[in-house]
Amino acid sequence: MRIIGIVLILLISQQMINAQIEMPDILKIQEVASVDTSYTYQWNEEETDWEIYARELHFIDETKLVTSVLKQLWYPEERVWENYEQTLRNYDNRGNEVQSILQQWNRAAKDWINVQMKTTTYDVRGNEAEILYQEWHRPTSEWFNTVVYLISYNRDFEKSEVIVRTYAGMQNIWDNYMRFSFSYREGYGPPYEVLVETWRKPENYWQTFGRYNLSYNYRGKVTQETRATWSESQRDWVLGVRYLMSYRRDNKIEDIEQRWDFTSRRWINSIRKTFDYDDAGEISEETFYRWNRSEDEWKLERRLLYTDLKPEGVDT
């Protein structure tokens, strides 16, 4: 298999960077920003009606960037909105997101709890070069490194390799964990294959683990993704999961997950999602199904309706 040559990206520092991170002032952000609110309704099969479920508040600054996203759940018994989670975002002077902090609401303490921070570094062309994930350690009130993605590009500026490393806190070092290598046809277009390797210790070498094969429509949208695992004993690829996607223009309208059945040697349906859109191209409805093998049909599991229309009788 032909793998395009890569241009190496500078590696991440192994030092903790929690002291270098300036936490966004959420109160200041939400005071000066305009707010775009969308509501989520859940279908009640017994009542055959939509019921209010949640809402998202997008706080937008004067440059039209979303500085925070607040998710709240509706509690019909108390008839109140209650915080669920929020994401705080920082940007560079090019409008690229460089940091996002995920927080979850603690109902007992009635306060926000840090969960995860994502820090993104870009190369001189504006491509993502490094994505660092950290988790909040409550006893010491510090951010601890967990995973970093190091992204390389080939001479045609196509993504050619992603190396995933995990942080070993006791040794204060980054360990290789997984590597994704992208292959292209004749050096153009989206990748048709992704090779997945895992790092073997203490031998210190990359071992073939899996493979993604990708097909596209004429708009460059993925229509099929087949995943297989390499079997060392069989010296062959073993099929595992397949995803089938359908589109209407640029909008995905269906996503089906199938599992390979070794007994019948065929693909078996597993999960299906369908999507409807409004006139602006935003998702207006999402429906989830699960395959019932005994009845050989899809069973409705959940329907969600997304809208900016405020439900009647619900306070702001």
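**Entry 1: R55**

I began with R55, which counts as buried at a relative accessible area of 8%. Buried means under 20% relative accessible area, exposed means over 50%, and partly exposed is in between, with a 1.4 Å probe and protein chains only. The model is predicted: local features need pLDDT of at least 70, side-chain atom pairs count only at pLDDT 80 or more, and totals for chains, interfaces and linings use all residues. Residues are numbered from 1 along each chain as its sequence is written, and side-chain values use heavy atoms, with hydrogens and water left out.

I then looked up where R55 sits, and found it in strand β2. Helices (H or I, at least four residues) and strands (E, at least two) are DSSP runs, numbered from the N terminus. Which side chain makes a polar contact with the side chain of R55? It is that of Q72, at 2.6 Å. A polar contact is a pair of N or O atoms within 3.5 Å; within protein, one must be able to donate a hydrogen and the other to accept it, and residues adjacent in sequence count only if both atoms are side-chain atoms.

**Entry 2: the whole chain**

I stepped back to the protein chain. It has one helix and 18 strands. Of its 316 residues, 39% are buried. I also checked contacts, meaning heavy atoms within 4.5 Å. Among contacts between residues at least 6 apart in sequence, 30% join residues at least 24 apart.

**Entry 3: the cores**

Next I looked for nonpolar cores. A nonpolar core is a set of buried Ala, Val, Leu, Ile, Met, Phe, Trp, Tyr and Cys residues joined through side-chain atoms within 4.5 Å. The largest has 12 residues, including I131, Y153, M178, F180 and L214. Strands β8 (142-153), β9 (159-168), β10 and β11 (188-200) each supply at least two residues of this core. Which strand gives the most to this core? β10 does, with four residues. Another core lies apart from it, with seven residues, among them L132, V148, L150 and W206. I noted a general point: in soluble globular proteins, nonpolar side chains tend to be buried together.

**Entry 4: R179**

I stayed with β10, which covers residues 173-185 and holds R179. Is R179 buried or exposed? R179 counts as buried because its relative accessibility is 18%. Its side chain joins that of E197 in a polar contact of 2.8 Å. Leaving out residues up to four places away in sequence, R179 touches E161, V162, I163, L195, V196, E197 and W206.

**Entry 5: W260**

I found W260 in strand β15. W260 is buried, at 17% relative accessible area. V241 is 19 residues away along the chain, yet the C-alpha atoms of W260 and V241 are separated by 6.2 Å. Not counting residues up to four places away, W260 touches L239, G240, R265, R266 and W267.

**Entry 6: backbone checks**

I kept this rule in mind: most residues other than glycine have a negative phi, and most peptide bonds are trans. The bond from K201 to P202 is cis, with omega near 0 degrees. P202 is in the loop between β11 and β12 (205-216). R235 has a positive phi, near 55 degrees. R235 lies in the loop between β13 (222-231) and β14 (236-248), and is exposed at 52%. R249 also has a positive phi, about 60 degrees. Its place is the loop between β14 and β15 (251-261), and R249 is exposed at 63%.

**Entry 7: the pockets**

Last, I looked up pockets. On a 1 Å grid over the protein atoms alone, where a 1.4 Å probe fits, a pocket is an open set of points with protein on both sides within 12 Å along at least five of seven lines; lining residues have an atom within 4 Å of a point. A volume is the space filled by probe spheres set on the points.

How much space lies in the largest pocket? The answer is about 370 Å³. Of its 13 lining residues, S38, D278, E282, I283 and Y306 are the closest to its centre. Strands β1 (34-44), β2 (49-60), β17 (283-292) and β18 (297-307) give two or more residues each to this lining.

The second largest pocket holds about 250 Å³. It too has 13 lining residues, with T40, Y53, A54, E56 and K71 nearest its centre. β2 gives the most to this lining, with four residues.
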